[in-house]
Amino acid sequence: MSKVRTGAVALVTAVALAALAACGNGEPEAGKPTASDGPRVLKLWHYESADGAMGKAWAEAIKQFEASHPGVEVRFEEKAFEQIRQSAGMILNSDEAPDVMEYNKGNATAGLLSKQGLLTDLTPEVAKRGWDKLLSPSLQTTAKYDDRGIMGAGKWFGVPNYAEYVMVYYNKDLFEKHKVEVPTTFDEFTAAMDTFVEAGVTPMAVGGAEYPAQQIFYQLALSKAQRPWVDNFQLYKGKVDFHGPEFTYAAETMADWVKKGYIAKDSAAIKAEDMGVSFMGGKYPIVVTGSWWYGRFASEIKDFEWGSFLWPGNTMSAGSSGNIWVVPENAENKDLAYDFIDITMKKEIQNLLGDSGGVPVAADPAAITDPKSKELIENFTKLSGGDGLAFYPDWPAPGYYDVLVAGVQNLINGSKTPSQVLDEIAAPYEENLADLGN
Amino acid sequence: MIRKYSVLISLAVLAAVMLVPFAIVTLNAVRSPQDYSANGPLSLPDGLHLDGIVEFWNRVDFGGKLWNSLLISGSVAVLAVILSVLNAYALGVGRVRGRVWIMVVFLVANTLPQEALVYPLYYLSKEAGLYDTRLSMIIIFTVIQSAFGTYLLASVLGRFPHEILEAAAIDGAGKWRALWRIVVPISRPTLSVLLIFFFIWTWNEFFLPLIFLISNENQTVPVALGVLQGDKMMDATMSSASALLGVLPAVVFFLIFQRTLTRGVTVGAIK
């Protein structure tokens with residue numbers, strides 16, 4: 001007994017001593033290097049996984065940067081998304097800030113930091129290096145923020161390097177088995193789902209507990225909407241009537257789809273992850289979700305053929321630029337940061353991003369060799385060429401994501417009528433407008 | 001007899017319920033991502049697939065994170081126990097004036113959520129040049145843990161038999177000597193339990209290390225696990241692999257010290 005105790009005390013004491021020793025001599029190296037001593041350093045952070053499309057493309061960009069900047073060391077750290085989400089403001093306000101980092105686009109994230117003066121105004125660099133010419137208008141929306149930190153206009157605080165959009169993924173084997181053609185119009189789309197329902201197959205995998213269900217709801221609203229409606233809803237350019245034709249149609253159709261059996265009644269409790277896994281398991285012929293699933297589908301679906309198409313009949317779709325490069329105001333080597341961003345915008349890097357299953361913003365579609373990636377990028381080009389990126393339904397107000405999850409869950413469960421649900425989701429939106437003084 | 005069996009059965013069910021999450025994590029940790037996508041999380045894996053564990057280990061330099069966690073948790077456990085003993089000696093045995101109020105302050109400090117402490121601590125550590133250092137975590141958690149330790153130990157020492165202390169005083173022992181020669185040895189079981197709890201609690205801390213340990217080289221195990229959770233995507237098999245790696249050290253630590261722990265918990269009961 002006492003042997004165990006002595007052992008424990010010895011172990012703990014050893015740890016404590018080591019701790020003090022490590023703290024003592026660990027400090028100087030942990031401090032940041034200054035410009036005067038040693039080689040210059042580009043401190044770069046992002047939170048994409050190394051084997052994803054962005055991870056691969058940016059690794060190549062780092063290599064090219066090192067080649068064109070001899071004597072500069074790139075100090076790259078892969079960060080946890082959660083860490084940047086929780087503490088970006090605090091990090092950027094200290095002298096630990098990196099020179100360039102990936103950050104979430106949107107009013108509550110990049111917008112807020114720009115308002116607090118923590119991000120560098122990139123407008124002169126954007127004009128000088130011509131980044132604005134590479135990005136279509138709806139991609140630029142998430143890069144510019146005004147004095148109130150609201151996106152869409154004002155100064156450039158970020159540069160998007162990739163894009164994302166919501167599409168319909170389908171299981172080719174199941175389509176063939178039930179003799180369903182790829183639908184090109186909305187009527188064909190519902191007819192296809194009818195065929196599956198008659199054969200006893202639930203057509204759509206839906207994750208009602210997270211973002212997927214509200215994106216379907218939004219796609220339905222977009223099928224009745226024009227660009228000004230999106231600008232009103234997302235950028236507060238005018239009033240949005242939640243009982244107008246767009247949302248009324250979306251809510252009623254969604255409820256109707258559950259009744260018709262297109263969407264399973266129990267989907268309200270399904271998480272996005274389970275939705276994706278059930279599609280990859282070949283249980284559902286269709287899943288409506290974003291391009292962020294693309295890479296995983298490509299690498300993990302082995303048992304059947306699959307493909308993707310844009311939501312039939314829509315000219316607009318949920319989607320936006322991906323996360324953006326930002327340069328913190330406290331960055332020490334801003335010139336190096338601009339050079340690095342410039343490299344990631346080059347055709348070579350953008351094409352590599354596209355070939356690895358990402359959606360590049362400035363690639364050359366002809367140079368993409370992988371046939372599936374080509375399909376993904378061609379669909380995106382079609383969408384963005386028609387100014388069709390309509391952002392995401394949860395963007396306009398803080399905390400709106402949870403409001404929409406609850407609202408759409410009520411639609412799926414049938415616990416509230418479409419009209420009641422519209423009232424439910426209208427209230428927080430209006431409150432936020434009042435807070436903004438609109 | 002029936003009662004005896006019903007207790008046994010309900011304990012067995014409870015144990016099974018507790019172990020199921022561990023079993024699922026282990027199952028998925030050794031499963032390939034393709035298998036996970038095709039067959040879901042609950043089926044038996046088709047083979048032993050250790051790539052997830054190896055890849056995660058290399059990707060986040062897990063050895064370094066283990067060392068950081070061990071360093072921070074070990075130092076906090078020792079320092080917080082020492083600080084708690086000193087505080088509790090003054091409050092419980094020394095009976096300083098206003099000790100009830102001091103105890104109330106410690107109690108309130110215990111109920112403060114860490115979210116409320118983040119900004120003040122952030123500014124303090126930035127001013128002191130300790131932001132993004134392991135030392136900042138050691139200092140902060142030593143104080144946080146010893147707030148609880150002081151509260152607990154002070155009430156334990158409040159009932160410390162005064163005859164023993166008086167006897168020691170008659171034999172010529174000063175306050176300092178009485179503390180180290182009498183009080184600490186006698187309350188050792190309680191102190192060991194505190195030490196183990198402090199270690200495990202600090203080991204599992206996520207929020208403050210997430211905010212304070214910015215550089216990857218300073219991060220702890222729970223923060224490293226967070227790398228795998230993306231904006232919209234999660235990698236279920238690799239998350240399981242990392243969870244397994246993350247929980248193992250705490251389990252090992254618990255197994256090594258569990259006798260000390262049970263002894264410490266039951267020591268009051270025997271009296």
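Visitor: Which domains does the domain assignment of chain A give?
Guide: Bear in mind that this is a predicted model. The assignment gives domain 1 as 40-161 + 322-363. Domain 2 is 166-320 + 393-436.

Visitor: How many residues does each domain of chain A put into the contact?
Guide: Domain 1 of chain A supplies nine residues, and domain 2 of chain A supplies eight.

Visitor: On the domain 1 side, how do those divide into nonpolar, polar and charged?
Guide: On the side of domain 1 of chain A that touches domain 2 of chain A, five are polar, three are nonpolar and one is charged.

Visitor: And how far apart are the C-alpha centres of the two domains of chain A?
Guide: Those centres lie 30 Å apart.

Visitor: Switching to sheets. What is the strand order in the open sheet of five strands in chain A?
Guide: The order is β2-β1-β3-β12-β6 in chain A. The pairing is mixed.

Visitor: Which are the edge strands?
Guide: In chain A they are β2 (72-78) and β6 (159-160). Each of these pairs on one side only.

Visitor: How do β6(A) and β12 of chain A run, parallel or antiparallel?
Guide: They run antiparallel, joined by two bridges. Strand β12 of chain A covers residues 324-326. Within β12(A), W325(A) is the bridge partner of V159(A).

Visitor: Which helix lies across β1, β2, β3, β6 and β12 of chain A?
Guide: That is α15 of chain A, residues 334-344. Helix α15 of chain A runs at about 55 degrees to β1(A), which is 40-46.

Visitor: What about the largest nonpolar core, how many residues does it have?
Guide: The count is 189. M254(A) and F340(A) have the most contacts inside this core.

Visitor: What does M254(A) touch, leaving out residues up to four places away in sequence?
Guide: M254(A) touches I216(A), F217(A) and L220(A), plus V408(A) and L411(A).

Visitor: Now chain B. How many helices and strands?
Guide: Chain B has 13 helices and zero strands. From the N terminus on, its elements read α-α-α-α-α-α-α-α-α-α-α-α-α.

Visitor: What does the C-alpha trace of chain B span along its principal axes?
Guide: About 75 × 65 × 30 Å.

Visitor: How much of chain B counts as buried?
Guide: 38% of the 271 residues in chain B.

Visitor: And of contacts in chain B between residues at least 6 apart in sequence, what share joins residues at least 24 apart?
Guide: In chain B that share is 77%.

Note on methods
Residues are numbered from 1 along each chain as its sequence is written. Chains are lettered from A and ligands numbered from 1 in the order in which they are written. This is a predicted model: local features need pLDDT of at least 70, side-chain atom pairs count only at pLDDT 80 or more; totals for chains, interfaces and linings use all residues. Domain bounds come from an automatic or database domain assignment. Two residues are in contact if their C-beta atoms, placed from the backbone, lie within 7 Å. Ala, Val, Leu, Ile, Met, Phe, Trp, Tyr, Cys and Pro count as nonpolar, Asp, Glu, Lys and Arg as charged, and the others, Gly among them, as polar. A nonpolar core is a set of buried Ala, Val, Leu, Ile, Met, Phe, Trp, Tyr and Cys residues joined through C-beta atoms within 7 Å. A residue is buried if 20 or more other C-beta atoms lie within 10 Å of its own, exposed if 12 or fewer, and partly exposed in between; C-beta atoms are placed from the backbone. Helices (H or I, at least four residues) and strands (E, at least two) are DSSP runs, numbered from the N terminus. Two strands pair if DSSP finds at least two bridges between them. Axes are lines fitted to C-alpha atoms, for helices over the stretch in contact, and angles run from 0 to 180 degrees between N-to-C directions.
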